[in-house]
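I opened this notebook to keep track of what I looked up, entry by entry, with the sequence and the model side by side.

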Amino acid sequence: MSALRTAQDVADGERSASEVVAESFRAIDQRDAEIHAFLTLQREQALGEAEALDVRITNGENVGPLAGVPIGIKDNMCQIGEVTSCASRILEGWRPPYDATVITKLKAAGAIAVGKTNMDEFAMGSSTENSAFGVTRNPHDPEKVPGGSSGGSAAAVAASMVPLSLGSDTGGSIRQPAALCGVVGVKPTYGLVSRYGLVAFASSLDQIGPFANNVEDAALLLEVIAGHDPKDSTSLNQPAPSLVAHLDHGVRGLRIGICSDLLQGASDDVATAVAQAAAVLQGAGAELSEISIPELGLGLSAYYLIAPAEASSNLARYDGVRYGLRVDGDDVTAMNTRSRTAGFGDEVKRRIMLGTYALSAGYYDAYYGQAQRARTLIIQAFAKAYGSVDLILGATTPTTAFGIGEKSGDPLAMYQSDICTIPTNLAGHPALSVPFGKGVDQMPIGVQLLGPTLSEQRLFQAARVIEQGAPA
Amino acid sequence: MSTLPNGWEMVVGLEVHTELKTQTKLFCGCANAFGSEPNTNICPVCLGLPGSLPVLNEKAVEFAIRIGTALNCVIQGSSFHRKNYFYPDQPKDYQISQYDIPINGIGFLDLPDGTKVGIERAHLEEDTGKTTHVGGSGRIHGSDESLVDYNRAGVPLVEIVSAPDIRSAEQARGYAAELRAILIASGASDGRMEEGSMRVDANVSVRKGSDAPFGTRCEIKNLNSLRSLQRAVDFEALRQIDLLEAGESITQETRHWDEDAGRTQTMRSKEEANDYRYFPEPDLVPINPTQAFIDEIARSLPAMPAQRRVELIAQLGGDPTQAQRDQLMAAVELNVDSFITGAIHAGVTPAIALARTANELAALGDEIFSLPLDDYVALLKLEDAGALSATQSKAVLADLVAAGGGDPAALAKQRGFEKLDDGSLDGILDEIIAANPDEWRRYCEGDDKLTGFFTGKVMAATKGQADGKAVNAALRTRKG
């Protein structure tokens, strides 16, 4: 089910939005008891919106590029009146009084939100096992994780419950689950999509992006949600890029570097998939070369200081005073402590402590300062690499989906699964993951394309070529 | 100026927080208003709701630069940091403030006494909400409940940090008064200490002689008026001297000024101080004002108090008395000197314009700023021409301000103020002298102190309608 086709059919009156949305709920009812991609569903609201849209179409109104398309929203994006919990006990039942900018844009484009998807608590994790409300299962094998943190959004698309969903990517949280679930996932240039209304994990790294079953749908969704937002000071003063119209431009003459540092630790089947994807690009006229960016090896350590440091500050506001969970205490400090102790899960607590320590007097320069210097080195190294290549190709994740419970007892092993995706976030660049065949375990493999700031148009063109050349 | 015993010298630096008079808050579009119903000027941003983001108010940047320019600061490109600490009235549990590069760097302020006080920085930051403790003790410990009003959360503040250049409590008061006048003159702030829109903390230490290294300092909070500031600094310096002379040492700490008890008390020690874990605010971009913007602000800045004092002295002509100098200082400090200048320009006798403005008008509150200058001038002209006595003039002035302007002659008539003719004054004097023969004898023998006694009697008998100058003249004539 193509989102683009669905929207056209709905706009043309070939199908009603009500019918499309009802069909999405039927798929959810059929599969989500097992998969648990959704934390909450907005059945009445969604059907009501679909009916209203159908009336507007009957009246001949222009209804936007995503008319009637059902979409899943990661549970860290604010939607008026709909529970936005970040899969955390501390925000359980919290209903925002405002819409995130992406929600406003989706509504204006005619898309219909059907529910909020599961995630690792506050987007901290790579398997969706850190959700306070239960794990999400990989639709390709329910004993495997869907990846994370946007595991619910990836699984919902992979299981054909919705054609589109939104995720957020701080260190790989869109691309990694997209790879593990066999769907397209895009992390746009930092600042291309407004963060207003995205509950912050690590503000300098967070970026909202699309999940879709194909490159074209992902491009369409990104066009809708991108663009300057005066409510987000870090929003780029750029119009939304034109992607769908230029999708079939091809890669002839494009210089693409296969980055050995983005294959380190990759299993054989993943490495083979990357090599095959490179061959597809070469066959389409791209100039391939092998490159190495050793500084990318600094990424993981730098990330696990910068992201927790920002998170320790961003998550301070969950103190029991204004909203969310409150556990009473004898005085305000006791109330704060008890609320946070009861409300946050282990991984969130681990990162708050790590970040608090990294920013402490006397340690700031050795940890946070050093991490920022490493970040600068990575940015410089990428800039140098993009002097000789237009895009970079590598693995999205070192392996296919791992088993539920396999890594949840070993945080460091879990952190390693983001090793290929993290450098992009540190640089603020765009990158995407495209499905490319299956591993020996018959689980999906994703290959990753990386580009410099605002190279989305080129990235999507190359992704389209890979998609068309991918094994059936 | 009070002097400290045994060659001790105090070293004082002040940190002044001033709210900016912007229409909206620092990072959102909520009204920046004092006195609204609790939690009515709030939104997702200033409540720090999950997902909300700050957007810098450009007017606040302009106002901060005005203050920096008025304080001769280096205006520079700057950025924001987060200052992290838990407190219920702080919605995000961090404050967006400036850290290593403030918008206004080094500057100075010249005190009227000629002292130059260095300014270390004047940076932008957001204000917190206000907590009220209810039930039980009504204090933070032992109350039943705490209520938080977030109307003030996110109101723009500039924190002005002086160098430790102040050497007496009077000077500390003088600095705060001059700074307040500058803030008001800059148009960036209303400087109301009683409403908390200007708040002063004092860092006080003492040392033996002016060449000795600085001593350990204590920071004093809760200084709600210039008077409290002066008293607290004096108290604190003497407290520290007593301790040192008794062979004890000073503990670096934050102390609370208890206005009623007239003493400072320990609030928290250095060990209890927070580690604020400052780091660059990732939700905001650096502020880089253009030179043209900075120059335009400098050009548009009105005359500052020091210059206005010089201009006023020139307008008064001659050599002002000490009393007149005090009046002039007060007039500029309270930002009422434009009334004096206006009145003198309109032909009112300078001494009357100065005295009435500095002594009476300035005491009538903020309503005076809605009083049309022409009405004020008309009143002073009546007094100047002898049509109203000083006492009557003051009474009519109060009416005039309360009414927001009007015709002073008509208001005088309403009060029944008619100038007494000399004949009725003679008659009244006759009666008073007859009733107080002893006092009259002593007055005639040269006891001038009794002038006031007789003037008072006349005023009482005429319900203030007599002209004080005419009474004095009549008394002198009769004495012979």
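**Entry 1: a residue of a chain B helix**

I began with Glu360(B), which I found in helix α8 of chain B, a helix covering residues 350-360. Throughout, I kept in mind that this is a predicted model. Is Glu360(B) buried or exposed? Its relative accessible area is 18%, and because the cut-off for buried is under 20%, Glu360(B) counts as buried. Setting aside neighbours within four places in sequence, I listed Ala355(B), Lys394(B) and Leu397(B) as the residues in contact with Glu360(B).

**Entry 2: the sheet of chain B**

I then traced the open sheet of chain B, in which eight strands follow the order β4-β5-β8-β1-β9-β10-β11-β12 with mixed pairing. Why is one side of β4 and of β12 left without a neighbour in the sheet? Strands β4 (107-110) and β12 (263-269) of chain B stand at the edges and each has a single partner strand, so one side of each has no neighbour there. I noted that neighbouring strands of this sheet are turned against each other by 30° on average, with direction ignored.

Within the sheet I followed β1 (residues 8-19) and β9 (residues 198-208) of chain B, which run antiparallel and are joined by eleven bridges. As one of the pairings, I wrote down that Thr18(B) has Met198(B) as its bridge partner in β9(B).

Two helices came next. Helix α1 of chain B (residues 58-70) lies across β1, β5 (116-126) and β8 (156-162) of that chain, and runs at about 20° to β8(B). Helix α2 of chain B (residues 169-186) lies across β1, β4, β5, β8 and β9 of that chain, and runs at about 20° to β1(B).

**Entry 3: salt bridges within chain B**

Over all chains the structure holds 57 salt bridges, and I looked up several of them. Glu9(B) pairs with Arg167(B), their closest N and O atoms being 3.5 Å apart. This pair links distant parts of the chain, since Glu9(B) belongs to strand β1 of chain B and Arg167(B) to the loop between β8 and α2 of chain B, 158 residues apart. Glu9(B) is buried at a relative accessible area of 17%, whereas Arg167(B), at 27%, counts as partly exposed.

I also recorded a salt bridge between the side chains of Asp190(B) and Arg192(B), at 3.8 Å from N to O. Both ends of this pair are partly exposed, Asp190(B) at 24% relative accessibility and Arg192(B) at 25%. Arg442(B), which is partly exposed at 37%, forms a salt bridge with Asp447(B), with the closest N and O atoms 3.9 Å apart.

**Entry 4: where chain A meets chain B**

How many residues of each chain are in contact across the interface? I read 39 residues of chain A against 30 residues of chain B. The area buried between the two chains is about 2600 Å², of which carbon and sulfur atoms give 58%. On the side of chain A, Ser233(A), Arg317(A) and Arg322(A) lose the most area to chain B, together 23% of what that side buries.

The count of salt bridges between the chains is two, and in one that I looked up, Arg322(A) meets Asp93(B) at 3.6 Å from N to O. I then looked at Asp93(B) itself, which sits in the loop between β2 (81-84) and β3 (94-97) of chain B and is buried at a relative accessible area of 2%. Phi of Asp93(B) is near 60°, a positive value in a residue other than glycine. As a reminder to myself, most residues other than glycine have a negative phi.

I also noted a network of salt bridges linking Arg195(A), Asp232(A), Arg82(B), Glu281(B) and Asp283(B).

Beyond residues up to four places away in sequence, Lys187(A) touches several others, among them Asp169(A), Arg175(A), Gln207(A) and His429(A). A polar atom of the Lys187(A) side chain lies 2.8 Å from the backbone oxygen of His429(A).

Methods:
Residues are numbered from 1 along each chain as its sequence is written. Chains are lettered from A and ligands numbered from 1 in the order in which they are written. This is a predicted model: local features need pLDDT of at least 70, side-chain atom pairs count only at pLDDT 80 or more; totals for chains, interfaces and linings use all residues. Side-chain values use heavy atoms; hydrogens and water are left out. Two strands pair if DSSP finds at least two bridges between them. Helices (H or I, at least four residues) and strands (E, at least two) are DSSP runs, numbered from the N terminus. Axes are lines fitted to C-alpha atoms, for helices over the stretch in contact, and angles run from 0 to 180 degrees between N-to-C directions. Contact means heavy atoms within 4.5 Å. A polar contact is a pair of N or O atoms within 3.5 Å; within protein, one must be able to donate a hydrogen and the other to accept it, and residues adjacent in sequence count only if both atoms are side-chain atoms. Buried area is the accessible area (1.4 Å probe) that two parts lose on being put together, summed over both. A salt bridge is a side-chain nitrogen of Lys or Arg within 4 Å of a carboxyl oxygen of Asp or Glu. Buried means under 20% relative accessible area, exposed over 50%, partly exposed in between (1.4 Å probe, protein chains only).
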